[in-house]
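Please examine the structure shown here, beginning with the chain as a whole and then turning to its parts.

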Amino acid sequence: MAKQEDVFKKVISHAKEYGYVFQSSEIYDGLSAVYDYAQNGVELKKNIREYWWQAMVQLNDNIVGIDAAIFMHPTTWKASGHVDAFNDPLIDNKDSKKRYRADVLVEDHVAKIEAKIDKEVTKAAKRFGDAFDKDQFLATNQRVLDYQAKADGILKRLGKSLENEDLADVKALIEELEIACPLSGSKNWTDVKQFNLMFGTKLGASADSAMDLYLRPETAQGIFVNFLNVQKTGRMKIPFGIAQTGKAFRNEIVARQFIFRMREFEQMEMQYFIKPGTQQEWYEKWKEKRHKWHLSLGMGEENYRFHDHEKLAHYADAAADIEFKFPFGFKELEGIHSRTDFDLSQHEEYSGKKLQYFDPEENKSYVPYVLETSIGLDRMFLAVFSNSLQEEELENGTTRTVLKIPAVLAPTKAAILPLLKRDGLPEVAQKLIDELKWDFNVVYDEKDAVGRRYRRQDAAGTPFCITVDHQTLEDETVTIRHRDTMEQQRIKLSEVKDIISKEVDMRYWLQKI
Ligand code: ATP
């Protein structure tokens, strides 16, 4: 089995074992591509959401939040283009009877070519040592240039065919590239067909009067239809943004990557309303701002990259993904889209209501353009979780499993451990918990030797352990142990709260943006 697959399996089993993510309805053998967040997962998810919300809403005085309903008037989805164009191109393998997204098959093929480039780079870096100049190598090495040209050519053709709805050419491309079904190894493919991803449901009791509804496939439309209400009641001046987090639903066909692609998931979206003509400038600015947000969490600059879209969605005039290095390779984590005035104009047309902004500087009304940032909360969760899970070789030859979740996002900030279950130590520990619990999540653990408790907390992702021992009774000091370095220090009981606060307070992390 490939190493990547092993790592990913470990991520999934660790997420279950340590109370982060469970399969939905597991006692009934689960529901495909639907997951539940467990006692630790719900805290991590909440912290990621809060980290995003503070960066967007609290720290920008021209961005406000809303929480729109999941159900929306069905015409919304006609206007947005989702009824007609929210499709995935699907292809079936006739031998394995497995269904795939045709574009994903091609993209995975391209990823293999890109992996070859990475291999060349690693080899050359070894060969040249300190003198190695990666940029120069990428720009001049003939083998790399050939691979790159091949990858670019394939993506370009895929983009064009999808844009022109030329599904026959997508199939031709799959055949020319000799892409085989990963399951059966066969190249016996059906034609490519379009499949709408929205879930339908009904509003109302009686069969004849019930209204057909959709579960929203994105949160963005709840923002567009409220644009004027927010602008007027909030007296917002362009440029301004509306942010929202909430559930979205897509009947994903290829849903095999744990919480990376789910049928019910959560998005964190922000629509920034701008003057027409300024979209390029704002596109660049938001790409940079969002990149910085990611980097502020310290998960390694090398794990992020931008991918500019060849194929633009029907509403966009520019689009890029921020990709993250998941255990199965670089994949989309967040999208930055320049959506023009498409959505507001469409809603104007379908609703018959004016959705315009009067610009006092220009002394005229116009339909604003929109710059969107859209990130999947669950994908961010997977990025944080998979990046944090590490096996470390220790000096004494043993290994430890540690979940190095950025302290600001960790579900539990500290574990309070009495060295022994007697001599009044549990009481002191409990008193400390009663003091800390007003500020952070803390846990109490008295079972097993302290070394084993440390390991348990390492694996659960708790950044600090505080040990209360006999010396505490004498001089009111405790041991603080840092998860990432395993360093231990003696500190005063009265300092515990401040020391932890400093490391976990969102403000210290957000200041890096
Ligand atoms: P993909 O190409 O991976 O299907 P997308 O381009 O359709 O994603 P968008 O419509 O741009 O995704 O949605 C914005 C964000 O929502 C994505 O960047 C991703 O983080 C998240 N997202 C989209 N679909 C899912 C899903 N099925 N499960 C979890 N997160 C999702």
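Predicted model: local features only at pLDDT ≥ 70, side-chain atom pairs only at ≥ 80, totals over all residues.

Residues are numbered from 1 along each chain as its sequence is written, and side-chain values use heavy atoms, with hydrogens and water left out.

The protein chain contains 18 helices and 23 strands; these are DSSP runs numbered from the N terminus, helices being H or I of at least four residues and strands E of at least two. Its C-alpha trace spans about 75 × 60 × 55 Å along the principal axes. Of the 513 residues, 50% are buried, that is, under 20% relative accessible area with a 1.4 Å probe and protein chains only. Among contacts (heavy atoms within 4.5 Å) between residues at least 6 apart in sequence, 65% join residues at least 24 apart.

Strand β12 (residues 318–326) is largely enclosed by the rest of the structure, because 8 of its 9 residues are buried. Two strands count as paired if DSSP finds at least two bridges between them. Strand β11 (residues 304–308) runs antiparallel to β12, with 5 bridges joining them, and D308 stands opposite A320 in β12. Strand β13 (residues 329–340) is also antiparallel to β12, through 9 bridges; here E323 has E332 of β13 as its bridge partner. β12 and β13 form a hairpin, with 2 residues between them.

The second largest pocket has a volume of about 320 Å³. A pocket is an open set of points on a 1 Å grid over the protein atoms alone, where a 1.4 Å probe fits, with protein on both sides within 12 Å along at least five of seven lines; lining residues have an atom within 4 Å of a point. Grid points are joined across faces, edges and corners, and the volume is the space filled by probe spheres set on the points.

This second largest pocket is lined by 15 residues, of which V408, K413, D439, F440 and V504 lie nearest its centre. Helices α2 (41–58) and α17 (496–504) each supply at least two lining residues, and the largest share, 4 residues, comes from α2. By class, the lining has 6 nonpolar, 3 polar and 6 charged residues; Ala, Val, Leu, Ile, Met, Phe, Trp, Tyr, Cys and Pro count as nonpolar, Asp, Glu, Lys and Arg as charged, and the others, Gly among them, as polar.
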